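Take a look at the structure below and follow along with the paragraphs after it. We'll go through it piece by piece.

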Amino acid sequence: MDVQEAIRTKRAVRSFADEPLAEDIVHAILNAGRRSQSSKNRQAWQFVAVRERDTLKKLSKCGAFAGHLKGAALGVLILTPPPEEFYGALFDAGQVAAYMQLAAWELGVASCLATLYKGDKVRGILNIPEEWQPLMAISFGYPADKKRLTLGPLKRGRKDFEDVVHWERW
């Protein structure tokens, strides 16, 4: 699969098969995030990889739309320093998430982003130091419906090119 195909066909999947991911696949996903671009090469991130079902269930209650974490084979939290310490950290974390998700998709692994609103609760569950923000997580796993991997580009939901691109000026 090439990058353009992955971008065209990637879908958010929130329902996963009860099947673990192989160790080499987990490492490939995490390594893709580690290798992503970062502002000034600061690499201002840390990852917490979670496979324990009970912990994933607890994390799934830390965001209004994080419920899919409880069924994932792997949850990855992307930790960043606070914006006042490094303004570009959240943009960089977004790139980390994109790299991880595209690498996973190529390997036949589905994913979905989750925003975590209860940072103190997350810190308590995972023993995260105060200087790191647990704002986002990604659930990974094989989709419960394997057809989700081969449905092709989305037919709806994307704005037209002309509606979002402005040339030279607005």
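Helix α5, made of residues 119–126, lies across β1, β2 and β4 in this predicted model. Its direction makes an angle of about 65° with β4. Now find helix α4, which covers residues 89–106. Helix α4 lies across β1, β2, β3 and β4, and it runs at about 10° to β4.

So what do the strands under discussion build? The 4 strands make an open sheet, and its order is β1-β2-β4-β3. Their pairing is antiparallel. At the edges you'll find β1 (46–50) and β3 (110–115), each of which pairs on one side only. If you ignore direction, neighbouring strands in this sheet are turned by 20° against each other on average.

Let's zoom in on β4, residues 133–141. With β2 (residues 74–80), β4 pairs in the antiparallel sense over 7 bridges. You can pick out some of the partners yourself: Ile 78 has Met 136 in β4 as its bridge partner, and Leu 77 has Ala 137 in β4. β4 also pairs with β3, again in the antiparallel sense, this time over 6 bridges.

How many of the 9 residues of β4 are buried? It's 8, and a residue counts as buried when its relative accessible area is under 20%. That's why we can say β4 is largely enclosed by the rest of the structure.

How values were computed:
Residues numbered from 1 in each chain as written. Predicted model: local features only at pLDDT ≥ 70, side-chain atom pairs only at ≥ 80, totals over all residues. Heavy atoms only, no water. Pairing = 2+ DSSP bridges. Helix = DSSP H or I, 4+ residues; strand = E, 2+ residues; numbered from the N terminus. Axes fitted to C-alpha atoms, helices over the stretch in contact; angles between N-to-C directions. Contact = heavy atoms within 4.5 Å. Buried < 20%, exposed > 50% of the residue type's maximum accessible area, 1.4 Å probe, protein only.
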